[in-house]
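This report is meant for a reader who meets the structure here for the first time. Please keep the sequence and the 3D view at hand while reading.

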Amino acid sequence: MAKLRRETHTAYSESASLRLRAAWLYYNQGMTQKDVAEKLGVGRTTVIRMLDEALKRSEVQIWINEGIGDCVELAIRLEKAYGLDEAIVVPAAASAEATANGVGLALGQFLTEAIPDDCTIGVGWGRTLTASLASFRPARRERVKIVSLLGGVVEAHHINPIEYTWRLASQLGAECYLFLAPLLVDSRETKRSLIEKCGLKTLFERAENMDIAVVSCGDIGPASSSLSRDFIDPAELKELVAAGCVCDTMCNFLDAEGHTIDHPIRHRVMSIDLDTVKKARHIVLVSGGAHRAQAIRATIRRIGCNTLITDEGAAQAMLELVGAKAA
């Protein structure tokens, strides 16, 4: 058990104290919402609101340890089939959003335990990575650098890669290197100019020596929920699919074998090259959903993978792709 450090404790407002007391009585003492309301002298509606807020603030985190034997077996099979150091598989969820949240929570827990002192961490983007912040509770680390691996978007958004990078760095107390450029630019020349003349070269140099790379990937088919679909011209997207694209990894477009699609858009994407990401000492790949199995496999073929964090649906589909049927 870690030693309790009193100096890290913070003062709570009266409302926060009441909220935490309600959460403790409900989750730890097993009291009903009605009983909690009576004990605290508030209405049941107030208790419901406080419990919901406690979850949203990550003051309460729920981990289910029972009934995950199938997930452990799938993880072992994935490790063997894909040559992984470790696979972490979470139960399947009913929707894409719930899947992203579940896989993201597992990522947050993994990073909490895995990040050491004296390391450089490159991070991508996506709903799943953003969801990891809810369960990311690291101790303060020394001499850690967080590097954004791709550009951002003009409109402020909770899935903006720049947002994720600095929030992760803030929680670690780490140095932060932001990729201050649009995700897509108009030409190869603009990209080169931004890198060489506008201060981005430092990012590319940092990325050459990453200890950990944390990336996600998405499918690119007709029913895809990949975020890049929102930023790519529909005609270009159609051309990518026609050329055999099945995967979007940091806005790098891959075919089923993990080869980069030869399309002009590749020269306009502001991201660290996947050949550079491949050099990281430990690659963490995070993505879920059975529809993304082919994309996950393509990414593994392209850059490799040490730790894969996914869900049951994707795990089963990935095993079927290599002929290793899940039991």
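## Overall picture

The model is a predicted one, and the protein in it contains 13 helices and nine strands. Of its 327 residues, 49% are buried. Among the contacts between residues at least 6 apart in sequence, 72% join residues at least 24 apart.

## Nonpolar cores

The largest nonpolar core is made of 62 residues, and Leu78, Phe253 and Val277 are those with the most contacts inside it. Helix H12, residues 293-303, supplies the largest share of this core, namely six residues. Another core lies apart from it, with 25 residues that include Ala106, Leu111, Leu172 and Val284.

When neighbours within four places in sequence are left aside, Val277 is in contact with Leu149, Met210, Ala213, Val215, Met250, Ile272, Ile283 and Ile303.

## Two helix pairs

Helix H2 (residues 33-40) and helix H3 (residues 44-56) have axes that come within 8 Å and cross at roughly 105°, which means that H2 is roughly perpendicular to H3. On the H2 side, the contact is made by Gln33, Lys34, Val36, Ala37 and Leu40, while H3 contributes Arg44, Val47, Ile48, Met50 and Leu51. Sorted by class, the contact of H2 with H3 has seven nonpolar residues, one polar residue and two charged residues.

The second pair joins H12 to helix H13 (residues 312-321), and the axes of these two helices come within 8 Å and cross at roughly 65°. The crossing in which H12 passes H13 is right-handed. Ala293, Gln294, Ile296, Arg297 and Ile300 of H12 meet Ala314, Ala317, Met318 and Leu321 of H13, and these contact residues divide into seven nonpolar, one polar and one charged.

Seven of its ten residues are buried, so H13 is largely enclosed by the rest of the structure. The buried residues in H13 are Glu312, Gly313, Ala314, Ala315, Ala317, Met318 and Leu319. After H13 comes Gly323, which has a positive phi near 80°.

## Buried residues in loops and a strand

Leaving aside neighbours within four places in sequence, Ile232 is in contact with Leu184, Leu237, Phe253 and Ile265. The C-alpha atoms of Ile232 and Leu184 are separated by 8.4 Å, although these residues are 48 residues apart along the chain.

Ser187 is placed in the loop between strand S4 (175-177) and helix H8 (188-197), and with a relative accessibility of 17% Ser187 counts as buried. Its contacts, with neighbours within four places in sequence set aside, are His267 and Arg268.

Ile212 belongs to strand S5 and is buried, with a relative accessible area of 11%. Beyond neighbours within four places in sequence, Ile212 is in contact with Pro116, Thr120, Ile121, Gly122, Ala280, His282 and Val284. From Ile212 to His282 the C-alpha distance is 4.8 Å, while 70 residues separate the two in sequence.

Two residues other than glycine, Asp118 and Arg143, have a positive phi. Asp118 lies in the loop between helix H5 (96-114) and strand S2 (119-123), and Arg143 lies in the loop between helix H6 (127-131) and strand S3 (144-148). The table sets out their values.

| Residue | Phi | Relative accessibility | Class |
|---|---|---|---|
| Asp118 | about 55° | 47% | partly exposed |
| Arg143 | near 55° | 52% | exposed |

Asp118 is thus counted as partly exposed at 47%, whereas Arg143 is counted as exposed at 52%, given that the exposed class begins over 50%.

Technical notes:
Residues numbered from 1 in each chain as written. Predicted model: local features only at pLDDT ≥ 70, side-chain atom pairs only at ≥ 80, totals over all residues. Heavy atoms only, no water. Axes fitted to C-alpha atoms, helices over the stretch in contact; angles between N-to-C directions. Helix = DSSP H or I, 4+ residues; strand = E, 2+ residues; numbered from the N terminus. Parallel < 35°, antiparallel > 145°, perpendicular 65-115°, else oblique. Contact = heavy atoms within 4.5 Å. Nonpolar A, V, L, I, M, F, W, Y, C, P; charged D, E, K, R; others polar. Core = buried A, V, L, I, M, F, W, Y, C linked by side-chain atoms within 4.5 Å. Buried < 20%, exposed > 50% of the residue type's maximum accessible area, 1.4 Å probe, protein only. Left-handed = near helix turned anticlockwise from the far one by under 90°.
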